[in-house]
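This report goes through one protein chain, from single residues to the chain as a whole. Keep the structure in view while reading.

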Amino acid sequence: MDEYGRIHFPSTTNNDIWMNTNELIELFGIIYPTLKTNIKAIYKSGALMNARYKDVSNYPME
């Protein structure tokens, strides 16, 4: 993250970024229940309907 709060990710060949639970919690400065609630809300909203993704909502969180 730079001094302006922008997050920079390394370039990937397929534009996919995968992070585990602990990495996301640290990145956003939140706690586990907040992360889980927001992930569920994203799936429920349908925001990913046209995106390529693997449904991981039933996977155990680390």
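## Asn-22 and helix α1

Asn-22 is placed in helix α1. The model is a predicted one. The relative accessibility of Asn-22 is 46%, so this residue counts as partly exposed; the class lies between buried, under 20%, and exposed, over 50%.

Along the chain, Asn-22 and Leu-35 are 13 residues apart, and 9.9 Å separates their C-alpha atoms.

## Helix α2 and the residue after it

Helix α2 covers residues 32–45, which is 14 residues. From its first C-alpha to its last, α2 reaches 20 Å, close to the 20 Å expected at 1.5 Å a residue.

Gly-46 follows α2. The phi of Gly-46 is positive, near 85 degrees.

Ile-7 counts as partly exposed because its relative accessibility is 34%.

## The chain as a whole

The chain has two helices and zero strands. Of its 62 residues, 10% are buried. The accessible surface comes to about 5500 Å², and carbon and sulfur atoms account for 55% of that surface.

Contacts in the chain can also be sorted by distance along the sequence. Among those between residues at least 6 apart in sequence, 32% join residues at least 24 apart.

Definitions and conventions
Residues numbered from 1 in each chain as written. Predicted model: local features only at pLDDT ≥ 70, side-chain atom pairs only at ≥ 80, totals over all residues. Heavy atoms only, no water. Helix = DSSP H or I, 4+ residues; strand = E, 2+ residues; numbered from the N terminus. Buried < 20%, exposed > 50% of the residue type's maximum accessible area, 1.4 Å probe, protein only. Contact = heavy atoms within 4.5 Å. Areas by Shrake-Rupley, 256 points an atom, 1.4 Å probe, with all protein chains shown as cover. Expected span 1.5 Å × (residues − 1).
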